[in-house]
Amino acid sequence: MDILAGSVAAGLLIGLVFALVALGLTIIFGMMDIVNFAHGEFLMIGMYTALLTSQTTGIDPLAALPVAALVGFLLGVCCYFGFVKYLLRGPMVAQLLGTFGLMLLLRNLALLFFGSEDRTIHEGLLVGQSFEIGMGIVIPATKLAAAVLAVVAFVGTWLLMNRTKLGRAMTATALNRQGARYMGISTERMNALAWGIGGATVTVAGALLVNFWSVTPFVGLLFTMIAFAIVALGGFGSVPGAFFAGLLVGLITEIPGFWDFFAYITGSSWMSGISMTPFKYTWVYLAYFLIMIFRPRGLFGWKS
Amino acid sequence: MYILQVQNLSKSFGGLQANRSIGFDVAQGEMLGVIGPNGAGKTTLFNCIAGVHQIDSGRVIFQGRRISGMKSHEIARLGLARTFQIYVASGDLNVKENIMVGCFMRERVRSAAAKAADETLGLFQISHLAKNVVAELPIAAQKRVAMATALATGPRLLLLDEVAAGLNPNEVDEITGLIRSIHAKLGVTIILIEHVMEMVLNICDRVIVLDYGEKISEGTPREVIREPAVIKAYLGERYARQYLEQAENR
Amino acid sequence: MEILRNTFDFSDCPRSGLVLAGIVGLFFLCFPLFPHSSFAMSTLIQFFMFSLFAMGWNTIGGYGGQVDLGMAQFLGIGAYTTAVMIIRWNTPFWITLPIGVLLAVLWSFVIGYPLFRLKGHYFAIASIAASLVLKDIFDVWDFVGASRGLEIPTTRFSSPDFLHLIFTQDVYYYYIMFAFFLIGFLFINHFRKSRLAFQLRSIKSNEEVARSLGINVQWAKMKTYAIATSFVGAVGCFHACYIKNIETEDTMGLDISILIALMAMLGGMGSLWGPIVGAGILIPLKSYLKEWLGATAGLVGIDLVIYAAIIMFISALEPRGIWGLVGRLGSRKTA
């Protein structure tokens with residue numbers, strides 16, 4: 001029983017962070033119908049930012065969150081004005097390949113500056129701490145903190161987009177570009193803002209993840225794919241969709257745990273003979289593929 | 001002999017009833033007009049006949065064969081072609097290549113398709129535009145290309161969706177003459193949706209009138225423009241009188 | 001007859017272009033006779049291979065407008081089929097080739113049927129997902145070597161072994177790939193004039209109009225996908241014998257899929273020469289950047305940084321590819 005509960009808890013916790021990872025992607029897609037392949041690389045930069053800030057200044061990695069957010073925001077805005085603005089004029093192939101170029105660029109710049117070795121945070125207020133919350137479930141403090149802060153960041157962004165004048169202007173632009181322009185909203189600035197917010201949220205997610213996830217320059221692609229899966233599940237452009245889909249994808253990555261649990265309670269020898277751990281993310285891709293085919297509007301059918 | 005029979009055709013989108021038990025027959029070689037105010041369900045009717053939409057109830061019979069429920073490319077292959085109201089060719093095909101796509105429905109090899117396309121180009125008097133990209137042509141020429149492409153499939157029945165929309169009076173006269181000549185030369189049955197009443201009065205043998213998805217009238221052009229229901233729903237008093245005078249003077 | 005005529009008819013290409021192509025072709029034919037580095041030789045073999053990949057991609061992506069970003073899975077299917085059959089059963093390459101292509105085409109039907117219900121971005125991303133699922137399966141599937149990969153033991157064969165395509169000298173691979181390249185090129189010359197190509201271009205322009213012209217859109221896409229994947233699968237079979245040591249990352253990774261699409265786009269989509277031009281620019285660029293900057297100067301990653309910057313420049317400023325650039329310069333001259 002504790003395997004099952006542990007898997008559910010772990011899935012939900014990581015799912016909350018995944019939701020924050022996907023938030024930026026869905027905002028950007030909702031605004032300008034562009035798929036950003038470099039999304040995971042933004043996350044990787046967030047991870048390095050938090051890691052290096054805490055290592056050089058000696059502050060706790062969690063205190064480096066504002067730095068990561070700032071870096072992400074600036075990175076997003078710079079990418080928009082320096083590059084994406086031009087991409088939007090071109091055909092879809094150019095957009096796909098262009099953001100892929102951005103991904104290669106960021107990944108290899110990181111390789112050039114930081115080298116290819118795995119880096120992990122060893123020191124920090126919460127590193128190594130854990131709680132037992134009953135039923136034999138042990139939760140590492142870093143994961144719990146990351147999940148809680150991810151929810152805070154997610155809700156904060158959601159409030160920013162729905163409760164502030166600026167956010168409403170963004171939503172208006174996403175819904176009707178032409179109309180927004182007639183209202184005197186600069187769509188150009190709204191797009192840049194979307195990239196800024198998208199960048200900031202995903203680097204914050206990276207800064208949270210780095211507390212328990214080691215970082216290399218190649219870590220991005222996995223998260224790009226996870227974010228794609230979440231956005232597809234939740235409906236392209238849908239913010240609440242991303243939240244619930246994030247939780248779901250978090251649970252999907254825990255399928256190996258569920259598998260072991262069912263193998264144990266059914267006593268099935270063929271099930272316990274197969275290890276699901278190598279397929280941890282395959283299920284995410286597969287779920288994503290199937291969702292795209294059968295429910296292209298997303299699992300919850302929310303319109304973007 | 002009817003080439004097309006539409007029986008009790010109904011189609012709704014969500015709560016909106018776009019077509020409500022519409023029925024009519026089209027005789028071989030006839031030229032039928034479909035008129036009615038915007039949003040009356042005329043294009044939906046075309047889409048239902050051509051298999052773009054699956055109909056909710058009713059039947060469509062083409063050359064004695066039930067086509068409702070078939071896919072649109074299958075229906076096209078049976079000899080039912082159509083043009084689209086809003087069609088901007090976005091691809092890189094030039095005029096001749098566009099028409100060749102139509103010809104390829106019956107032909108298998110390029111030389112045969114090219115030969116057939118040349119004939120069609122001549123018929124529509126657009127041979128000089130063969131190498132132009134469709135999107136860069138003036139609207140009147142684009143409409144000709146659209147008609148030529150549809151006709152290149154060698155249909156028995158041709159559905160024309162507002163081919164005169166956006167044209168000036170001269171161009172309307174030209175395209176009216178063109179429709180009349182292909183109708184006469186090729187013996188193809190034509191159904192056309194049109195707002196330009198002069199054209200409908202000029203060339204249609206018969207007209208059906210749609211309003212709010214229902215057929216409210218059917219008859220010769222002269223008959224329908226006298227009908228109070230049609231005048232109320234679509235023409236308006238003043239225009240009805242004007243068209244009537246035109247029709248009498250002819 | 002018509003097919004043969006279309007295959008060898010280049011009369012619609014500009015004469016200067018044909019002369020240039022002839023000279024380049026002659027150069028390829030004679031290249032091994034000149035003194036050359038083995039690096040240049042392997043770069044050219046890679047160029048032939050990637051030209052063929054991009055030609056295949058161009059049928060569905062360029063003519064048909066369906067941006068597939070999962071082509072590497074078919075490369076993997078071809079490569080693993082040949083490797084497994086040669087290693088386990090000593091099967092001649094020329095028997096593994098049709099089997100590899102057949103498996104690639106079968107798989108293309110399996111995933112193509114659902115995939116082609118999607119359009120635009122949705123299609124592109126779903127094709128990536130399909131490719132990653134297959135890669136993950138190959139990564140744990142013991143029969144195909146799982147994550148260890150497969151190695152064709154060269155000692156078992158006495159070079160030159162034309163039956164199993166195992167050579168110690170690259171020149172054999174060079175000419176075999178060059179032959180593949182010519183066959184592929186002629187096939188595309190036939191393809192672009194075929195009924196299917198016209199139908200595809202109509203589909204790319206507007207699917208609803210295409211349907212009204214009697215085109216079975218889904219089936220046309222799947223047929224073309226089969227053509228594209230047989231190109232990729234066939235070269236994949238060759239890849240196994242040429243590289244001899246295959247792993248999932250090098251054969252089925254996302255980078256390969258994207259590189260294939262990128263070359264077709266860079267050269268100009270939906271044109272006969274585009275994929276070749278694209279491969280001719282990107283492959284030497286990539287391998288020489290790596291050789292000079294990566295290996296010699298010791299700056300790991302800088303080659304790909306420059307490479308990425310070039311991709312970004314092209315996609316932002318000239319998304320119609322080199323062909324668009326040529327067209328633009330041409331029109332400026334006449335204007």
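**View 1. Charges of chain B in a predicted model.** The 28 positive and 26 negative charges of chain B have mean positions 6 Å apart. Lys and Arg count as positive, Asp and Glu as negative; His and the chain ends are left out. Each charge is placed at NZ of Lys, CZ of Arg, CG of Asp or CD of Glu. The model is predicted: local features need pLDDT of at least 70, side-chain atom pairs 80 or more, while totals for chains, interfaces and linings use all residues. Residues are numbered from 1 along each chain, chains are lettered from A in the order written, and side-chain values use heavy atoms, without hydrogens or water.

**View 2. The burial of chain B.** Of its 250 residues, 54% are buried (under 20% relative accessible area; exposed is over 50%, partly exposed in between; 1.4 Å probe, protein chains only). The C-alpha trace spans about 55 × 40 × 35 Å along its principal axes.

**View 3. An aromatic pair in chain C.** Over all chains, the structure holds 50 aromatic pairs (ring centres of Phe, Tyr or the six-membered ring of Trp within 6.5 Å; planes under 30 degrees apart are stacked, over 60 edge-to-face, the rest tilted). One of them joins Phe39(C) and Tyr288(C) edge-to-face, at 5.0 Å centre to centre and 85 degrees between the planes. These residues lie 249 residues apart. Phe39(C) is partly exposed, at 24% relative accessibility. Tyr288(C) is partly exposed too, with a relative accessible area of 24%.

**View 4. A buried pair in chain C.** Phe167(C) and Tyr173(C) have ring centres 5.0 Å apart and planes at 75 degrees, so they are edge-to-face. Both residues are buried.

Key. Helices (H or I, at least four residues) and strands (E, at least two) are DSSP runs, numbered from the N terminus.
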